[in-house]
Amino acid sequence: MRVQSQPAGAGVAPLGFAIGIAVLLVGLLVSPFVIAPLGGAIALAAGFVWVRRGNVTTDPPIAPSVEATEHGTGERYSRSRLLERATLGLGGLVAVAVALPTAGLAVLPSFLGQRRRPVDLGPIAAFPEGEFVVATFLADPEAGEVSRRAAYLRNNGLLGTLPSFTIMSSRCTHVGCPTQPNGPLFGRQRKTERTAGGEVALVPAQPSGFGCPCHGSQFDNEGNRTAGPAPRALDRYEFSIRNGRLFLGRLYSVSRVDGTGSQARIHSFALKGDGEPATGPEAWLYPIDSPS
């Protein structure tokens with residue numbers, strides 16, 4: 001009976017293949033365009049080496065036995081080689097079965113996107129210049145109260161001939177908890193604006209920054225992070241003025257704000273997820289940004 005010896009390092013290729021598959025699957029959840037391709041490359045390289053080494057033997061050629069010449073060529077593949085190739089093929093099928101749905105869920109929403117209607121907050125005369133107002137509104141009137149959001153809004157006056165507003169989301173950029181103004185809220189001066197999208201409540205405030213009661217993140221009046229685990233400044237809303245009324249548009253993320261009010265320079269980015277940095281090497285480790 002012929003015994004086929006394994007080439008030196010033959011056990012490394014299966015291990016490398018398994019590691020590559022694991023990195024690929026983790027990468028699809030963490031970073032589809034950086035870590036996932038790296039895992040795929042490792043798996044392909046290890047699989048190629050695995051197959052190649054499975055076809056190489058170190059034994060010297062042995063003349064066929066009389067029994068083999070009489071009854072055929074004998075066994076074409078060794079049992080170990082058959083198991084190796086079956087494992088390789090099965091691993092590839094499992095990787096594809098897991099990777100395709102995961103990649104679809106991670107990638108497709110960014111290309112399909114969702115259109116959101118602008119939110120009418122009322123006439124710009126309802127927002128005194130230089131003062132903060134906490135506005136609560138329905139982001140999606142069809143969804144009802146579950147879509148109610150709050151924003152910190154300040155009328156900055158004119159920038160040239162155009163109105164300027166600072167409008168920040170109240171959600172902390174750490175894990176999305178609602179933040180609170182670090183200062184008094186004047187609930188007795190609450191106003192209600194009736195719009196096509198529902199009632200909008202406007203409560204004047206005098207904040208000296210904003211704080212998250214959940215994990216202690218702190219932000220200044222421009223939304224810059226000053227303390228705590230939040231990875232970036234407060235997200236902001238785009239806005240537009242139509243027939244003297246203020247409309248909210250899409251959310252976008254901000255790494256930092258230089259300056260104040262109408263003279264502020266905003267370092268803006270596409271909307272990021274909770275806990276996701278907008279800049280730096282850590283931002284490369286996150287998947288494709290979801291549509292706002």
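Predicted model: local features only at pLDDT ≥ 70, side-chain atom pairs only at ≥ 80, totals over all residues.
A residue is called buried when its relative accessible area is under 20%.

Of the 292 residues in the chain, 37% are buried. When contacts between residues at least 6 apart in sequence are considered, 55% of them join residues at least 24 apart.

The model holds 5 aromatic pairs. One of them joins Phe137 to Tyr237 in an edge-to-face arrangement, with 6.0 Å from centre to centre and 75° between the planes. Because Phe137 belongs to strand S2 (residues 132-138) and Tyr237 to strand S11 (residues 236-242), this pair ties together parts that are 100 residues apart in sequence.

Another pair has a stacked geometry: the ring centres of Tyr152 and Phe210 are 4.1 Å apart and their planes lie at 15°, so the pair counts as stacked. This pair, too, links distant parts of the chain, since Tyr152 lies in strand S3 (residues 148-159) and Phe210 in strand S8 (residues 210-211), 58 residues apart. Both Tyr152 and Phe210 are buried.

Two further features involve aromatic rings. Phe127, Phe165 and Phe239 together form one aromatic cluster. Elsewhere, a charged side chain meets a ring: Arg242 lies over the face of Phe247, at 4.9 Å from the ring centre.

The cysteines remain to be considered. The count of disulfides in the model is 0. For Cys172, the closest cysteine sulfur is that of Cys212, at 4.1 Å. A disulfide requires the two sulfur atoms to be within 2.5 Å, and the separation between Cys172 and Cys212 is therefore too far for a bond. Cys172 is buried, because its relative accessible area is 2%. Cys177 has a relative accessible area of 14% and is therefore buried as well.

How values were computed: Residues numbered from 1 in each chain as written. Heavy atoms only, no water. Phe/Tyr/Trp six-rings, centres within 6.5 Å; stacked < 30°, edge-to-face > 60°. Helix = DSSP H or I, 4+ residues; strand = E, 2+ residues; numbered from the N terminus. Buried < 20%, exposed > 50% of the residue type's maximum accessible area, 1.4 Å probe, protein only. Lys NZ or Arg CZ within 6 Å of the ring centre and 35° of its normal. Contact = heavy atoms within 4.5 Å.
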